[in-house]
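Please read them with the structure open beside you.

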Amino acid sequence: MVLVYYRTVTQGTSLRLRAYAHIQARILSGELAPGAVVSEQSIAHQLGISRTPVREAMARLQAIGL
């Protein structure tokens, strides 16, 4: 399992890792509750990226049980 905290992600980080860290931080902080419906488009808009890296990050988080 890879734990990455959003605050440590830098400008040169891949878009998928930025999305992964952002979503993971929201889950771990309790901002996203278990079973919450999360919009790929909303997260992508917040981060200024396309939905593909968000989708990949969400799949990776789901695979590790988050």
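**Notes on the fold and its contacts**

1. Overall layout. From the N terminus on, the elements run α-α-α. The chain has three helices and zero strands. Bear in mind that this is a predicted model.

2. Chain totals. The chain has 66 residues, and buried residues make up 29% of them. Its accessible surface comes to about 4400 Å². Carbon and sulfur atoms account for 52% of that surface. Take the contacts between residues at least 6 apart in sequence: 46% of these join residues at least 24 apart.

3. The buried side of α2. Which residues of α2 are buried? They are Ile43, Ala44 and Leu47. Seen down the helix axis, these buried residues fall within an arc of 100 degrees, so they line one face of α2. The buried residues of α2 pack against both α1 and α3.

4. The other side of α2. Gln41 and His45 are exposed, and they sit on the face turned away from the buried side of α2. Just after this helix comes Gly48, with a positive phi of about 70 degrees.

5. Side chains of opposite charge can pair when their charged atoms come close. The count here is four salt bridges. One of them joins Arg16 and Glu56, with the closest N and O atoms 3.6 Å apart. Arg16 lies in helix α1 and Glu56 in helix α3 (residues 51-63), so the pair ties together parts that are 40 residues apart in sequence. Arg16 is partly exposed, at a relative accessible area of 41%. Glu56 is also partly exposed, at 39%.

6. The link between α2 and α3. Arg51 forms a salt bridge with Glu40, and the closest N and O atoms are 3.6 Å apart. This pair links distant parts of the chain: Arg51 is in helix α3, Glu40 is in helix α2 (residues 40-47), and the two are 11 residues apart. Arg51 is partly exposed, with a relative accessible area of 41%. There is a network to check here. Salt bridges that share partners join Glu40, Arg51 and Arg55 into one network.

7. Arg26, a charged residue under cover. Is Arg26 buried or exposed? It is buried, because its relative accessible area is 15% and the cut-off for buried is under 20%. Arg26 belongs to helix α1. Its salt-bridge partner is Glu31, with the closest N and O atoms 3.2 Å apart. Glu31 itself counts as exposed, at 53% relative accessibility. The pair therefore has one buried member, Arg26, and one exposed member, Glu31.

8. What surrounds Arg26. Set aside its neighbours within four places in sequence. Arg26 is then in contact with Glu31, Leu32, Ile43 and Gln46. Two of these names come up elsewhere in this note. Glu31 is the salt-bridge partner, and Ile43 is one of the buried residues of α2.

9. A nonpolar surface patch. Which residues make the nonpolar surface patch of about 220 Å²? They are Leu28, Ile64 and Leu66. Leu28 is found in helix α1 (residues 15-28). Leu28 is partly exposed, with a relative accessible area of 43%. Leu66 is placed in the segment after α3. At 36% relative accessibility, Leu66 also counts as partly exposed.

10. Where Leu66 sits. Leaving aside neighbours within four places in sequence, Leu66 is in contact with Gln24, Ile27 and Leu61. The C-alpha atoms of Leu66 and Pro34 are separated by 8.1 Å, although the two residues are 32 apart along the chain.

11. What to look at again. One is Arg26, buried at 15% relative accessibility and paired with Glu31. Another is the network of Glu40, Arg51 and Arg55.

Conventions:
Residues numbered from 1 in each chain as written. Predicted model: local features only at pLDDT ≥ 70, side-chain atom pairs only at ≥ 80, totals over all residues. Heavy atoms only, no water. Patch = residues over 30% accessible without salt bridge, like charges linked within 9 Å, V, L, I, M, F, W, Y side chains within 5 Å. Areas by Shrake-Rupley, 256 points an atom, 1.4 Å probe, with all protein chains shown as cover. Salt bridge = Lys/Arg side-chain N within 4 Å of Asp/Glu carboxyl O. Helix = DSSP H or I, 4+ residues; strand = E, 2+ residues; numbered from the N terminus. Buried < 20%, exposed > 50% of the residue type's maximum accessible area, 1.4 Å probe, protein only. Arc of directions from axis to C-beta. Contact = heavy atoms within 4.5 Å.
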